Each structure stands twice: as C-alpha cells, then as structure tokens.
Amino acid sequence: MRPRKPGVVTVTLNAAIDQTLECPGFTAGAVNRVVAETRTPGGKGINVAAFLAGGTRPVTAAGFLGEDSAPLFEALFRERGIQDRCLRLPGSSRVNIKVVDRTSGAVTDLNLPGLRVPEEALDALMKTLDALAEENGCFVLSGSVPAGVPANIYATLTERLRAKGAVVAVDTSGEPLRHAVAAKPDFVKPNAHELSELVARPLTNAGEVARAARELHAGGIGLVVVSMGADGALFVSDDGAWRALPPPVEVASTVGAGDALVAGVLAARLDGHGLETCARRSTAFAAGKLAKVGPVPPAPERVAELLCAVRMHPLGQG
Ligand SMILES: Nc1ncnc2c1ncn2[C@@H]1O[C@H](COP(=O)(O)OP(=O)(O)O)[C@@H](O)[C@H]1O
Ligand SMILES: O=P(O)(O)OC[C@H]1O[C@](O)(COP(=O)(O)O)[C@@H](O)[C@@H]1O
C-alpha cells in the first residue's frame, strides 16, 4: 500500500454532529437524567481526517456538510490543519445521539438519516474527487450513505479512484459494504457485526470471524481488518494474519474507536510498516483514543505506553 502521491482524502457523505449524553444507569423505556452533554464534529471520514492530520501527509476532508452546521466542522479543520473540500448542502448536518453510561460502560448510538443529497451535488462531488485524485494517492470512503445517493456509491468510487492509481479504503455497513466489497478496495474495516451481516451467518467467536475475514481477503481485498471492540481486532493480508488485543483502558466513549483504528492502520501502512507493526500501532492508537469524547488523537507518549501493552497473536491457517 504505497501510493505515488502523498495526500490522503477522506470522504464523508453523511457527516454528523455527535451529541454525547452522559447518563449513569441509562435504561431504555425509563426516565433518565443526563449529567453532562457535549457536541463534537463527527461522521466516519471527518473523524479519520482528524486522527490522521498532523502527521507527515496532507489530509483533505471531502463529502457534504449542512451549511448551517458547517462552522463546527470548520473549527476542527482549522485546528487540525485539514484541507476543507466539503461541499455545502442547505440545512444542518444530522445530530447523532450517543448515550454513554459510565457505570456499565455501555454506549447507545442513535444515528439519524441525515440530509438528502441532490443529484447535482453528487455530480459536483464526483468532479471534486476526480480533481483531488490528481494530487492525492489515498482515499478513505467511510460511513453510511444518505438518501439521494445510490447504495453502490462506494463501489463506483472505488473503481473510479483505483483506475487513477489511488489506494482506496472503505469503512461502511449493510448494502453499501456489500457493493463496495465486490469492487475490491485495497482495505476494508468492518466490525464483527457488520462482517456477520455481510457473510450472512453468525460469527460467534474469533475463529469464525477470522475465517470470514480470510474469505474477504481471498476474494481480492488486500487488507481486511475486523474490529471487535474491547476484544481487539483481526488483521488479514498477504503478509499473514494477526489478532491484536488492547489492554484494559479508561473509556470516556467508544464512539470513534473504529475510525481511530482505520486512521492508525492507514498511517502505519502508508509509512511502509508490515502487518504486525500496523496491527500493534493501530490498536494502541484506537485504545488511546477512548479516553476522550470526540475526534481527539491520543498523545504520542500515551500511544507509546499502550504499544508495549498490546498483545499480539498470530492466527493459524484455520
Ligand atoms: N473498550 C475498549 N477497550 C480497549 N480497546 C477498545 C475498546 N473498544 C474499542 N477498542 C479498540 O478500538 C477498535 C475499534 O473498536 P470497535 O468498537 O470494534 O469499532 P467500531 O466503532 O467500528 O464498531 C477495537 O478493535 C479496539 O482495538
Ligand atoms: O454514518 P454512520 O454509519 O451513521 O456513522 C456515523 C457515526 O459514526 C462515527 O463516525 C463513529 O464511528 P465509529 O464509532 O465506528 O468509529 C460517529 O462520529 C458518527 O456519529
């Protein structure tokens, strides 16, 4: 995974403001008291851009933002030095509600559908991405697909951008993931639940997850990473197969952990690291991210501490 052009572009079709509600003992169907509320810019590609920025490569955010809520995202772009090539749509980006119960550690996500994308806006996005492909070698296509955009959008973009020599990563779910996988991106990162939906069978243990991940890899996807929350992640490529287990860490919110893992994988692979190092580094980065709400990268010293605590297990041929 060594693109000729250094820049990374993340594409977020369905950006979100994440409203985190801290609610000890949260119970569905009951009256609950919220003790703290924060609003942070989110959406998978926005988070990946925030985690990757500040490294050795230029990072650009593309996709759509509601113009009324754009200032929150623009502040993040300024703070992290992210180039803003997001197109503006009338209205506000969705607000996704994240209920965090620190007593149980559970996080409940209520993700809204988001703004409908008009046809002209999608055409304009295609032109923007074509232009960005002239100067950027890696594209990350992440998150749900909003109304107005065909479910095969990531497949279309994967083919189009790979034809221009770009490395393409996809992190999505459901129908968009099914289509994208058929277009063989260079890297996919489903979580175990999304992978189970994709292969249409329950995956009840790490062995079953590994078997399904190998099937995807054998189908032509160079790097398959399957995340499993506190149980770590599986990494499968031509270089071999590993499971990385994070140590127990302090958790403010698990929202964005998958995006941190994607950013960590890309940073390591684009720097030319092998699979084992990539798995260890990205797992340490994702675990370090959990201490803060929102797309705040962990301090390098914290990642260095966690690196030594990640346990690596080679996966047999199974
Ligand atoms: N509670 C946790 N403790 C330690 N690491 C975690 C925890 N939750 C997530 N992670 C790390 O973040 C990665 C991605 O988290 P996960 O929840 O599987 O992603 P997604 O948000 O895409 O479902 C995991 O593979 C793991 O490395
Ligand atoms: O586009 P989707 O699938 O609704 O996901 C959007 C949500 O995912 C996030 O990007 C977090 O994703 P992860 O927890 O998988 O890293 C949130 O910021 C956002 O609210």
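Two strands pair if DSSP finds at least two bridges between them. The legends below describe close-up views of a predicted model.

**View 1. Strand S1 and its two parallel partners, S4 and S8**. Five bridges join S1 (residues 7–12) to strand S4 (residues 59–66), and the two strands run parallel. Strand S8 (residues 136–142) also pairs with S1 in the parallel sense, here over six bridges. S1 is mostly covered, with five of its six residues buried.

**View 2. The shell of residues around ligand 1**. The ligand is surrounded by 18 residues. Ser227, Ala233, Ala257, Gly258 and Ala286 are the closest of them. Helix H8 (257–270) supplies at least two residues of this shell, as does helix H9 (275–289). By class, 11 residues of the shell are nonpolar and seven are polar, while no charged residues are present.

**View 3. The crossing of helices H6 and H7**. H6 spans residues 192–199 and H7 spans residues 206–218. Their axes come within 10 Å and cross at roughly 60°. The crossing is left-handed.

**View 4. Alanine 200, in the loop between H6 and H7**. The phi of alanine 200 is near 55°, a positive value in a residue other than glycine. Most residues other than glycine have a negative phi. Alanine 200 has 7 C-beta neighbours inside 10 Å and therefore counts as exposed, the cut-off for that class being 12 or fewer.

**View 5. Lysine 184, in the loop between helix H5 and strand S10**. Helix H5 covers residues 174–182 and strand S10 covers residues 187–188, with lysine 184 in the loop that joins them. The phi of lysine 184 is near 55°, which is a positive value in a residue other than glycine. Around lysine 184, 18 other C-beta atoms lie within 10 Å, so the residue is partly exposed; a buried residue would need 20 or more.

Methods:
Residues numbered from 1 in each chain as written. Chains lettered and ligands numbered in written order. Predicted model: local features only at pLDDT ≥ 70, side-chain atom pairs only at ≥ 80, totals over all residues. Helix = DSSP H or I, 4+ residues; strand = E, 2+ residues; numbered from the N terminus. Near = placed C-beta within 6 Å. Nonpolar A, V, L, I, M, F, W, Y, C, P; charged D, E, K, R; others polar. Axes fitted to C-alpha atoms, helices over the stretch in contact; angles between N-to-C directions. Left-handed = near helix turned anticlockwise from the far one by under 90°.
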